[in-house]
Each structure stands twice: as structure tokens, then as C-alpha cells.
Amino acid sequence: CVRVRGELHADGSYHPVKLQKTLSDFQSVHWRKDPPVNLQTLQLWSLLQSMPGTGNFVNPPEALLKWHEKFSPLHFQDWAIPSFVADNEAAFERFFMENLGKKLVVKPVSDAASRGVQVLPKDWIDARKVLTDLQARTAPWLMIQEYDDSINLLGETRAVFLAGQIRATFRKIPKPTPRGIMDMDAPEKDRPTLEICTLSNEQATRAETVAAHLRENDIYLASIDFIGSRILEINVTSVGLLKWLDEQRLAKEKKLAQIYWENLS
């Protein structure tokens with residue numbers, strides 16, 4: 001973190017001078033970045049975790065390492081969508097053949113916002129080409145999941161966790177297209193629609209269980225995504241659509257931005 005000030009010299013010239021600041025000089029340091037999460041990112045988190053003054057991080061580097069967006073549902077395997085993670089063709093083929101006939105979806109584990117997500121062809125030769133192409137464009141590690149067709153009807157429900165509590169819930173519903181696009185960066189005509197919603201009893205119970213673990217790990221801001229009652233992702237690095245949510249809140253309700261700043265220690 002760098003602050004710049006200027007010095008005015010006797011001859012009237014102005015010279016900017018950089019003043020280095022340390023982490024402990026700041027009340028709080030906010031990490032907010034979409035993946036890709038690559039080796040450079042992991043090394044930075046590890047470095048930050050090893051340095052003094054990292055107790056004022058939102059969210060702490062140790063938690064960023066533990067709560068990977070795609071992997072974190074594995075903490076709650078009984079509630080998560082069945083998933084398989086690998087980086088080599090032999091492992092992909094074995095999983096594919098064990099689930100022959102099932103509809104499968106592949107995700108690059110190093111990306112976010114539904115980028116690169118594809119439904120796999122039902123023939124292995126065609127599926128292998130999709131996997132190989134995706135590895136070449138993103139990273140070797142990919143996640144394959146059962147495709148839950150209910151997403152086309154139910155959409156993807158998100159619970160926003162902030163300062164110890166679930167503070168907002170909404171739903172993304174895909175347009176009726178063959179791909180069922182969930183990417184908010186897609187062309188406007190293809191983007192999912194957004195609506196405020198209420199969690200079902202089962203979703204609420206599971207969200208609060210996840211929230212308890214997030215509190216234990218000093219997570220300050222996160223989101224929990226569901227398809228139906230099954231956990232899809234838990235995101236602690238790039239919680240999106242907070243501005244949209246604040247625009248939807250009633251005048252009598254506190255904005256998420258206000259809650260965010262008020263509850264910082």
C-alpha cells in the first residue's frame with residue numbers, strides 16, 4: 001500500500017515522494033478480487049498470513065486459503081452437489097465412465113462468475129475435447145459435477161453473509177436458453193434475471209450452519225450459493241451483486257455497505 005505526497009523545492013519545482021505504508025498502519029485491509037486464483041495469488045496470501053499486522057484483513061489470508069470458492073462446499077459433502085476434481089485425462093475418463101449417461105457439467109476451478117462452465121457431451125471423445133480445450137484456456141485443474149436440471153426452474157439462490165449474520169438473499173434465474181447461462185458478464189439478453197427471495201427452511205438451516213463455520217474462521221463477508229437445498233459454492237473472495245442488493249433495499253433497511261463499515265473492529 002503506497003501513499004504519495006509532494007515536496008515543493010526552493011526553485012519552485014514539485015517532486016512527488018512515495019511513502020511506504022505497512023499493513024499495521026491501516027485500520028483494515030480489504031481483499032476483493034475475482035479469481036483466477038493462481039500460484040501467484042496463493043503465494044501472496046501465504047506471505048500476508050506470515051506477516052505481522054494481518055489481523056486487520058477482511059477476509060484473513062488464512063481463510064482465503066481454506067475457503068476456496070469451488071472447493072469449500074466439500075466441507076459439507078452431505079449437502080453439496082457431488083463433485084470430482086482432477087488435472088489429468090485418465091482421472092477424467094474414469095469418472096466420466098463411472099457416471100456414463102448422467103448429465104455432467106465442468107468448471108475451471110481457478111475462475112469465477114460462471115466463466116468457462118460447460119455441459120459435457122455424452123460421448124467421451126467429444127467430452128475429452130471440451131476438457132482439453134478448457135484446460136488449455138484456463139488451468140489444469142477442473143471440477144466435474146452432476147448437472148442439476150432444477151437450476152433452470154429454481155435458479156441459483158444466494159445468501160449473503162456479512163459481519164456474522166445472513167443479511168440478504170436473492171435468486172438468479174437463467175433465461176430459457178439451451179445453455180442456461182448464469183454469467184452476469186454475458187450479453188444483456190442472455191443474463192439471468194435477479195429477484196429478492198426468502199430461503200426455504202432447509203436452505204436457512206444449512207446457511208446458518210455454514211455461517212457458524214465462517215464466523216469461527218473470522219470470515220467477515222461471504223456468499224453461500226444453493227441450487228434447491230444443495231450447496232453449490234461458498235465465496236469469500238469476490239461476493240458479487242452487493243450494489244444491486246443495496247438498490248433493492250427499502251428506505252427503512254440498513255444498506256449492506258453501511259453494515260459493512262459499521263461492524264469493522
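Mentor: A residue is called exposed when its relative accessible area is over 50%, and buried when that area is under 20%. Please keep in mind that the model is predicted.

Trainee: Which residues of helix 1 are exposed, on the other side of the helix?

Mentor: The buried residues of helix 1 fall within an arc of 65° seen down its axis, so they line one face. The residues exposed on the other side are Leu-39, Gln-40 and Ser-50.

Trainee: Which elements do the buried residues of helix 1 pack against?

Mentor: The buried residues in question are Thr-41, Trp-45 and Leu-48. Their packing partners are strand 4 (57-58) and helix 2 (61-66).

Trainee: How far apart are the end C-alpha atoms of helix 1?

Mentor: Helix 1 has twelve residues, 39-50, and at 1.5 Å a residue these should span 16 Å.

Trainee: Is Arg-206 buried or exposed?

Mentor: Arg-206 lies in helix 6 (residues 201-216). Its relative accessible area is 13%, and the limit for burial is under 20%, so Arg-206 is buried.

Trainee: Which backbone oxygen does the side chain of Arg-249 reach?

Mentor: Arg-249 sits in the loop between helix 7 (242-248) and helix 8 (256-262). Arg-249 is buried but has no salt bridge, the nearest side chain of opposite charge, Asp-246, being 4.2 Å away. At 3.4 Å, the side chain of Arg-249 reaches the backbone oxygen of Arg-167.

Terms used
Residues are numbered from 1 along each chain as its sequence is written. This is a predicted model: local features need pLDDT of at least 70, side-chain atom pairs count only at pLDDT 80 or more; totals for chains, interfaces and linings use all residues. Side-chain values use heavy atoms; hydrogens and water are left out. Helices (H or I, at least four residues) and strands (E, at least two) are DSSP runs, numbered from the N terminus. Buried means under 20% relative accessible area, exposed over 50%, partly exposed in between (1.4 Å probe, protein chains only). Lys and Arg count as positive and Asp and Glu as negative; His and the chain ends are not counted. A salt bridge is a side-chain nitrogen of Lys or Arg within 4 Å of a carboxyl oxygen of Asp or Glu. A polar contact is a pair of N or O atoms within 3.5 Å; within protein, one must be able to donate a hydrogen and the other to accept it, and residues adjacent in sequence count only if both atoms are side-chain atoms. The expected span of a helix is 1.5 Å times one less than its number of residues. The arc is that of the directions from the helix axis to the C-beta atoms. Contact means heavy atoms within 4.5 Å.
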